[in-house]
Amino acid sequence: MRARWTLAVAAAGVVVAALAEPPAIAAPAPASGPAAMPDRPDLQAAHLFQTGKYTDALAIYQRLYAETHHPTYLRNIGRCHQMLRQPQPAIENFQAYLRDARDLQPAEHAEIEGYIADMQRLEVAAAPPASAAPTATVTAPSAAAGSSRSGGIAHRWWFWTGLGALVAAGVITAVAASGGKERLPCPGGAVCPP
């Protein structure tokens, strides 16, 4: 029992550490100075994305997609919206990428589906609560009766242990499924964010 608990806590720690890391992105070509920007627009956008300037990167990726109609730019546009916490445009661009990109590896398809699921959860969390009907308030008959079971399921140790195990299993499955497979190549050797 103690070994399972330790394993569950360790797995949850790995998941939290993985989620806390900033998003990885392919490194652009080395610049000649600290503020130097690459010459190619795709490299400029990748640099802007990497430095957290998602709005500026988004504008470049949108222009590049309008010029080339290459599906990888849909993915990049979706990633910018994702980082800007704009779920609806992110979902739309990720879905368009899945529809238009040819020869996607299963791992990348799963990765994009994961991005879509994340954005759908964000969209639900950001939605204002529906207050069409007044809610009734239920009070406990006595303080002693309510104190033995207060907090609900979210305050049970087994809930968080199970949730941690599920998240860890999902992360491990995603990492194992990726297996180092290459993504759809960027147009003209461009550098694209992950």
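The model is predicted, so local features need pLDDT of at least 70 and side-chain atom pairs count only at pLDDT 80 or more, while totals for chains, interfaces and linings use all residues. Residues are numbered from 1 along each chain as its sequence is written, and side-chain values use heavy atoms, leaving out hydrogens and water.

The protein has eight helices and zero strands (DSSP runs, H or I of at least four residues for helices and E of at least two for strands, numbered from the N terminus). Of its 194 residues, 30% are buried, meaning under 20% relative accessible area with a 1.4 Å probe, protein chains only.

Helix α4 (residues 71–83) and helix α6 (residues 106–126) have axes that come within 11 Å and cross at roughly 35 degrees; axes are lines fitted to C-alpha atoms over the stretch in contact, with angles from 0 to 180 degrees between N-to-C directions. Contact (heavy atoms within 4.5 Å) involves Arg75, Arg79 and Gln82 on the α4 side, and Glu108, Glu111, Ile112, Tyr115, Asp118 and Met119 on the α6 side.

Buried residues of α5 include Pro87, Ala90, Ile91, Phe94 and Tyr97, and their cover includes α4 and α6.

Key: Buried means under 20% relative accessible area, exposed over 50%, partly exposed in between (1.4 Å probe, protein chains only).
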